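Welcome! Please take a look at the sequence and the 3D structure shown here, and then read the briefing below.

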Amino acid sequence: MNEHVLKIRNLRIESVAGTTLVDGVDLTVARGEVLGLIGESGAGKSTIGLASMGYARAGCRIVGGTIELEGKELRSLGAEGRRDLRGTRIAYVAQSASASFNPAHTIMRQVCEIPVYHGLMTRAQAKAHAIELFRSLGLPEPEKFGEKYPHEVSGGQLQRAMAAMAIAGKPDILVFDEPTTALDVTTQIEVLALIKKIIWEFGTAALYITHDLAVVAQVADRIMVLRGGRTVEMGTCEQILSAPVEDYTRLLVAERDVHHSLVSDALVDAEKTVLEVDRVNAAYGSISILQDVSLTIAKGETLAVVGESGSGKSSLARVIVGLHSATSGSVRFEKKTLDPNCRNRSRTDQQGIQLVHQHPDVSLNPRQTIGNIIGRPARFYGGLSGRALKQKITELLKMVGLPENFAVRKPGTLSGGQKQRVSIARALAANPALIICDEPTSALDPLVAQEILELLVRLQRELGLSYLFITHDLGIVQRLAHRTLVLLKGEVVSIGATREVFSPPMHPYTQKLIESVPAMKTNWLDGVLAARADRTAREEPTAA
Amino acid sequence: MRLFKNVITRMILERVMLGILTLFAVSVLIFAATSILPGDAATAVLGQGATPETVKAYREELGLDRPAIVRYGDWLAGVVQGDLGTSLTTRQPISDSVIPRFENTLFLAGFAALIAVPLAIGLGIIAAINEGRLVDRVANIVSLGAISVPEFFVAYLLILFFAVKLGLFPTLATVFPEMGFFDRLYVTILPVIALIMIVTAHMLRMTRSAVLSVLSQPYIEMAFLKGLRRRSVIMQHALPNAAAPIISVVALNLAYLIVGVVVIEVVFVYPGLGQYMVDAVSKRDLPVVQGCALLFAATFVAVNALADILSVAINPRLRRSRH
């Protein structure tokens, strides 16, 4: 019996164009062990995960090294042999359950596919086994659940069904590819608990891929840190978290340090209110999205708006800038009431509030040069042209920490962080008093995000800007925001100084949010789950 | 299951109503278009030399002197009762001569479709499975060639080789009512081959690209990672999701087979509806032209409605909504 389920030696993967994606990576996973792979995008973690199944995406090639699964070398095994092992000895859990289920077939058909296709079970046996799995994973009505189509069940249920699909062939090792990245913190906990349960109950080994060190610390026995396709550091969970050797790992560990606040109250001019939103209501058709939302932002202040997806965070931003008209209530900017519709607002009103979007890829026109993108608002609002405009562009680029020669480049040649800097420069070009940042860092890797946050704080200090900062990342809020507003289903649950909002006594929802943020310690998840079970146990007698 | 029936029945009812509405609009267009044509049946039948008096008398006899709106109302009332009016040239009821010819057209189209549709979809899937390999390239080049050649050219080439040089099949596809089924198949074989060559290429290319466009979906990668063969992935996971575009292109080609065969019918002197209509146009037999046009429009609407209903019926997301 081989003690290693998976053994990868000197793995090299190249793109068809010849760039190296993974360079000389070694790893082993013992029976029942969980190895976490962590790194930023482009680190090669997903490529390694797929390579462990002997699979390379279109455009990639495995060019060197050995991949041994259960003692069989996948690269020399041939296509047919590799396929026999997929699903039966090693199975894959993807990031998005809704995208990984075929919309044309029932869930049962897809969960039974591995055992039936590989001849492990008859269809009847596979069905009985699937119902068993549905039951043990806590799906409602396990006997009937499989008859549903993927669109007929909730996202959380589909996530469970995907787990059932992966373990249906009784594999020895599972590959989890960022299974919680797209989820809210509150949902993330449930999925993490589910993954722990699967690993524990079925005794499978796992390769857990993520960019979030705090998340992987909850499930992994050992962690491997990757960067640019190479191994940076490998060690046990405790060692990586408490005594990282490499600088890069140290940066990753420090990233979640919420006690280190980036802002001080000294620069906030509480006397001078920049924005005042008063009992705003808004709806899409007959569906109400904001109910009596009121807030104020002072000069030099950052107000964070937090809540899970669907809570109305982005709608609030759209109402403030006038892209979506409120049904009642008022928005006052620098003591002047703004028209609900941005088309009826004067140019100076529009100039004062600028927006930085979540995805710089989408919000920057790929056909324009950076100079054009930044120069347009400067020309439109500031009336600059010629040499003055050129000077302004250079100045703006310098302000956001980009070299002068970027003015002639196009967005396609920039990295995600650089693009977001351009977005910020574009907002600054209008010379605004308030910038609304709609999750500006959620599409970025942790360390790049950190740099963007530091840039925003520096600009605030230098220019006296106010920010309305929309995010679902409470770690950012605690470091960045003077005050915080918690939004739940369009209603303000709590608003006040960040420290007060997040210290007891808290609103139950705020408490749930703050508990859901993974901490940089290994036993955090167990603690939260235990505390929850404890609370339910205490509440039940009173309910009965 | 009740829900499934309800959604489908509602959809069918909706489509039928819409179809009738479309046909009504088409009837107005057809009538208006034939009314603004220069000259009318009276001048056409009587010829250039007729005196104004005879033309006037003939017009009154045909009822052409009445206002257009009245004539339209009469015509529509007749159509609703299945009466397409009387041919100006033969003085026979149009319905009597249109129906057998329409049947002939349907026979030709049906024969061609029965071979072309499975052939096109099958080859399209094979091309998709072997993307980039020899089979795929050959299918691509041949189908591109077939699309580029005009249909009458294909028809004359077929006649030249199979009828004139080899003498295997007749040059003219003459059919008559008393003819046996297999004789019919035999004489129509050349026009059917010509039709197949034209429509297969289009459907093949659409099937291939519809299947390939689904392959970038994450659930396809998931199917590969479950250890399925490429063939199984395409047949079981890609094809069901590519069905909607395939169905609509098949419908388009079926409608073309019925409506667009005019050229082929004329080349092979096949007594179908298209040839009849071309004939009527040259004789200025406007009621016949109107009748044929309406029949073609009805076919087009019916085939497309059928395709829409089928697309919904096979899509679980539309068939079974969450509630």
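**Briefing: chain B and a sheet in chain A**

Chain B has an accessible surface of about 17,000 Å², and carbon and sulfur atoms account for 69% of that (Shrake-Rupley method, 1.4 Å probe). This is a predicted model, where local features need pLDDT of at least 70 and side-chain atom pairs count only at pLDDT 80 or more, while totals for chains, interfaces and linings use all residues. Residues are numbered from 1 along each chain as its sequence is written, and chains are lettered from A in the order in which they are written.

**Chain B**
- Chain B holds 15 helices and zero strands (DSSP runs of H or I with at least four residues for helices, and of E with at least two for strands).
- Of the 323 residues in chain B, 43% are buried (under 20% relative accessible area with a 1.4 Å probe, protein chains only).
- Its C-alpha atoms fill a box of roughly 85 × 60 × 35 Å along the principal axes.

**The sheet in chain A**
- Six strands of chain A form an open sheet in the order 6-7-8-3-9-10, with mixed pairing (strands pair if DSSP finds at least two bridges between them).
- Strand 6 (90–93) and strand 10 (230–236) of chain A are at the edges with a single partner strand each, so one side of each has no neighbour in the sheet.
- Strand 7 (residues 173–177) and strand 8 (residues 205–210) of chain A run parallel, joined by five bridges.
- A:Leu174 has A:Ala206, in strand 8 of chain A, as its bridge partner.

Key
Side-chain values use heavy atoms; hydrogens and water are left out. Buried means under 20% relative accessible area, exposed over 50%, partly exposed in between (1.4 Å probe, protein chains only).
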